[in-house]
Amino acid sequence: MMRISTTIKPGDVFGRFTVIRQVENDLRNRPQQLCRCECGNERLVLNNSLKTGNSRSCGCFARERAAATQYRHGGKGTPLWRVWRGIRNRCENPTNSDFLHYGGRGIMVCAEWHDLAFFRDWAVANGWEDRSHLPRSEQLTIDRIDNDGPYSPENCRWATRSTQGRNRRSNRAVRRSDGKTYGTIVAAAEDVGISYGEIRAACLCTRKRKIVGGYGWTFVRNDPIAD
């Protein structure tokens with residue numbers, strides 16, 4: 001038997017719901033209403049849920065709020081979000097395998113970029129695009145212009161992996177056996193047409209001069225330099 005509610009009537013508005021009419025009580029004999037949400041969906045909603053505010057929409061409001069949050073923060077799980085998470089971990093997480101080379105030597109993420117929304121706005125305004133469908137060498141990575149400086153708008157740019165290789169702290173000047181010198185291993189590799197790894201391995205070979213790309217290779221000096 002249906003209990004008639006005297007406190008809720010057709011036309012009443014609760015959040016995004018508008019009451020259409022009262023219907024049969026649910027299986028536990030609790031009064032409920034047929035309601036129409038602003039988005040057009042109709043739902044059966046308990047009287048108590050309407051009164052307490054536990055039910056304010058068919059679920060569309062929660063979905064819209066989640067979508068807005070995801071947009072504002074660049075989208076959790078997206079390539080841009082992974083870049084942001086990566087720089088935070090390298091600089092601020094002592095258990096990260098790269099912390100020694102970043103946070104461990106004083107590289108910080110600026111306070112503004114602790115908010116992912118600000119990082120996303122800077123990224124989009126400065127040329128970020130999702131290239132995850134392209135080969136790794138053509139994908140964009142975040143590059144610090146001054147390798148001893150922070151991750152901040154003034155000190156960062158987007159670069160392909162090959163371009164960023166030129167700015168590595170570990171990149172060294174090298175000389176090939178005919179006397180030609182390069183400021184970085186990457187520059188030498190591109191000029192000769194062989195890989196970074198092959199030239200570096202040749203420079204590190206101490207037992208005899210290793211020939212790669214038709215030349216022997218040596219480091220110009222032992223201390224790392226940037227291009």
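Me: Which residue in β6 is the bridge partner of Asp143?
Reply: This is a predicted model. Start with the strands: β5 covers residues 140-144, and β6 covers residues 156-160. They run antiparallel, joined by 5 bridges. In β6, Asp143 is bridged to Arg157.

Me: How many residues of β5 are buried?
Reply: Check both faces of the strand. On one side sit Leu140, Ile142 and Arg144, and on the other Thr141 and Asp143. Both faces are covered. In a regular strand, side chains alternate between the two faces of the sheet. The buried count for β5 is 5 of 5.

Me: Which element gives the largest share of the largest nonpolar core?
Reply: That core has 20 residues, and Ile87, Trp113, Phe119, Trp122, Ile142, Tyr151 and Trp158 have the most contacts inside it. Two or more residues come from each of α3 (79-92), α4 (116-125), β5 and β6. The largest share is 6 residues, and it comes from α3.

Me: How many residues are in the other core, which includes Phe219?
Reply: Nonpolar side chains tend to be buried together in soluble globular proteins. This other core lies apart from the largest one. Among its members are Ala189, Ile194, Ala202 and Phe219. Its size is 13 residues.

Me: Leaving out residues up to four places away in sequence, which residues does Ile87 touch?
Reply: Ile87 is one of the residues with the most contacts inside the largest core. Trp113, Phe119, Ile142 and Tyr151 are also on that list. With sequence neighbours up to four places away left out, Ile87 touches Val109, Trp113, Phe119, Ile142 and Tyr151.

Me: What distance separates the C-alpha atoms of Phe14 and Lys51?
Reply: Along the chain, these two residues are 37 residues apart.

Me: What is the phi of Asn29, about how many degrees?
Reply: Asn29 is in the loop between β2 (17-23) and β3 (32-37). Asn29 is partly exposed, with a relative accessible area of 36%. Asn29 is not a glycine, yet its phi is positive, at about 65 degrees.

Terms used:
Residues numbered from 1 in each chain as written. Predicted model: local features only at pLDDT ≥ 70, side-chain atom pairs only at ≥ 80, totals over all residues. Heavy atoms only, no water. Helix = DSSP H or I, 4+ residues; strand = E, 2+ residues; numbered from the N terminus. Buried < 20%, exposed > 50% of the residue type's maximum accessible area, 1.4 Å probe, protein only. Pairing = 2+ DSSP bridges. Core = buried A, V, L, I, M, F, W, Y, C linked by side-chain atoms within 4.5 Å. Contact = heavy atoms within 4.5 Å.
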